[in-house]
Amino acid sequence: MNKLPAGSDGLWSLTWKRLRADRLAMFSLGIVVLFLGLLVLSVSGLVASDWSEEVGVHYAPPAFMAGQTDYASGDQYAAADTQTEAIPPENPVDPLKDILRDLRKSMQHGIPAGNDYGIDDPLKEELDAIRVQQKSRLTEVSGQEERHETLLFGADKWGHDVIKKTVKGSETSILVGLIAALVATVLGTLLGAFAGYFGGWVDDFLNWFYNVFTSVPYLLLILAVAAVLQSKGVLTIILILGLTGWTGVFRLVRAEYMKHKEREYVLAATTIGASDWRKMFVHIFPNVSHISLVQMSILSVGFIKSEVILSFLGFGVPVGVVSWGSMLNEAQNELILGKWWQLVAVTVAMAVLVTALSLFTDGLRDALDPRLKQEKS
C-alpha cells in the first residue's frame, strides 16, 4: 500500500485543520460533547439517577419565584384542610348538641374513637383496626423528609425535579437520534453502493424501492409504520426512524459510486483481480465516506426532533420512560395551569443541542469539501 509523501497530510488531517479554523464549528462541537458527556453520566447512573423521586411539592416553582404565591404548590390543600377542620357553631336549641360535641372531640381523622353511649357497635373491631393502620401510616409519613416548596428550576405535577428529568430525558432522545441515524446511514450506504456500482436491474429495482418511500410524505410514513408495529419502546422508535430515513443517504451515495467506479484507481484494482466487494468497500468507500458522515450528522438532528414528535403524539416511549417528547406532552397540560418551567427547560435543552449539531454539521461539511483550498500555514 502506497504511503503519503513525508510532510503531506491525509484527508482527515486536512479536515481537522479546516475544522479547527472554524471557531463557530468548534464551539458547537464543545456543546455537543457536553451533551454526550451528560448522556454517558446519565446512562452510568452518576447523574439524574434519582429523577423519579418526589423531592418537591406538586408544581413546585423555580427558586427565583420563591417569593411569589403559587396556588398549586400546596396552598390550596392547606386551605382545604383548614376549611375541613373548621367546626360549625353549635345550635343552642339542638337537643343533640352535647352528644355531637363529644363525638367531635372523639373523632380522629374522620373515624370515631369509640362508642360512649351504651349502643352496641357491630363495626367497633373493624374501626379499631382501621384506626391503628391510619396511625401507623401517619407515623411513616411524618418520618419522611419534607418536600421542598421550591426547586432550582421547579418540579412537575408529581414533584420530580425538572432539571434532573430533562437530563434523563436527553438520554432517551439522544440515544434514539444517534442510533437511528446510524441505522439509516448504514442502510442507505449499502443500498446506494449496490445501486451505483452494479447498475442495471439492481439499480432499477433499488430506484423503484427508493421512489416508493419518497412518494409518501415523511411524517405520514413514520406514523404509518408506527401504527403497523403497534408497540411502544425505544427499539421501536429506532426501527421506525432508521427504516424510513435512509433515502437521502441512498441518493447521494449512489451518485458517488456511479462516478467513482470509472476512476483509474478502481480500474487498476480490477486489473489486479480485486473482487467487487473489495472494490466497493476497500477502494471506493474511503473516498465517499465523508458523505455518509455528514448525512449521519444531519439525520441525528432530524431524528431527535422526530422522536419528540412521536412521543408527543403518543407513538413514542412507553409509560415510565421519560424523554423530551413525553415531557412536552405533559407540559401542554401544565401550561394551561400556568406552570411553564418544564416546557421551557425541555425547549431550551432541545434547541441548544439541535442548533449546535446543525452548526457543527455545516462546519464539518465545509471541512470535508474537497474543493476548499488548504489554508496556508
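How many helices and how many strands are there in the protein? There are 14 helices and two strands. Before going further, note that this is a predicted model.

Some overall figures. The protein has 377 residues, and 37% of them count as buried. Taking the contacts with a separation of 6 or more, 74% are between residues 24 or more positions apart.

Ala-21 belongs to helix H1, which covers residues 11-21. Is Ala-21 buried, exposed or partly exposed? Its relative accessible area is 40%, so Ala-21 is classed as partly exposed.

Now the annotation. An unreviewed UniProt entry lists six spans under "transmembrane region": residues 24-48, 174-196, 208-228, 234-253, 308-328 and 340-361. I will take two of these against the model. Residues 234-253 are 90% helix and 0% strand, with 28 Å between the end C-alpha atoms. For residues 340-361, the figures are 95% helix and 0% strand, and the end C-alpha atoms are 32 Å apart.

Next, a helix pair. Helix H6, residues 162-198, packs with helix H12, residues 276-313. The angle is about 145 degrees and the axes are 7 Å apart. The crossing is right-handed. As for what makes up the contact of H6 with H12, its residues are 20 nonpolar, six polar and three charged.

The largest nonpolar core has 23 residues. Which of them touch the most other members? They are Ile-237, Leu-241, Tyr-257, Ile-284, Leu-299, Phe-303 and Leu-310. At least two residues of this core come from each of H6, H8 (218-229), H9 (234-244), H10 (247-260) and H12.

Ile-237 deserves a slide of its own. Leaving out residues up to four places away in sequence, what does Ile-237 touch? Its contacts are Val-176, Glu-307, Leu-310, Ser-311, Gly-316 and Val-317. Leu-310 is itself on the list of core residues that touch the most other members.

Definitions and conventions: Residues numbered from 1 in each chain as written. Predicted model: local features only at pLDDT ≥ 70, side-chain atom pairs only at ≥ 80, totals over all residues. Heavy atoms only, no water. Axes fitted to C-alpha atoms, helices over the stretch in contact; angles between N-to-C directions. Helix = DSSP H or I, 4+ residues; strand = E, 2+ residues; numbered from the N terminus. Left-handed = near helix turned anticlockwise from the far one by under 90°. Nonpolar A, V, L, I, M, F, W, Y, C, P; charged D, E, K, R; others polar. UniProt positions renumbered as here; feature names shortened; annotations may be inferred. Core = buried A, V, L, I, M, F, W, Y, C linked by side-chain atoms within 4.5 Å. Buried < 20%, exposed > 50% of the residue type's maximum accessible area, 1.4 Å probe, protein only. Contact = heavy atoms within 4.5 Å.
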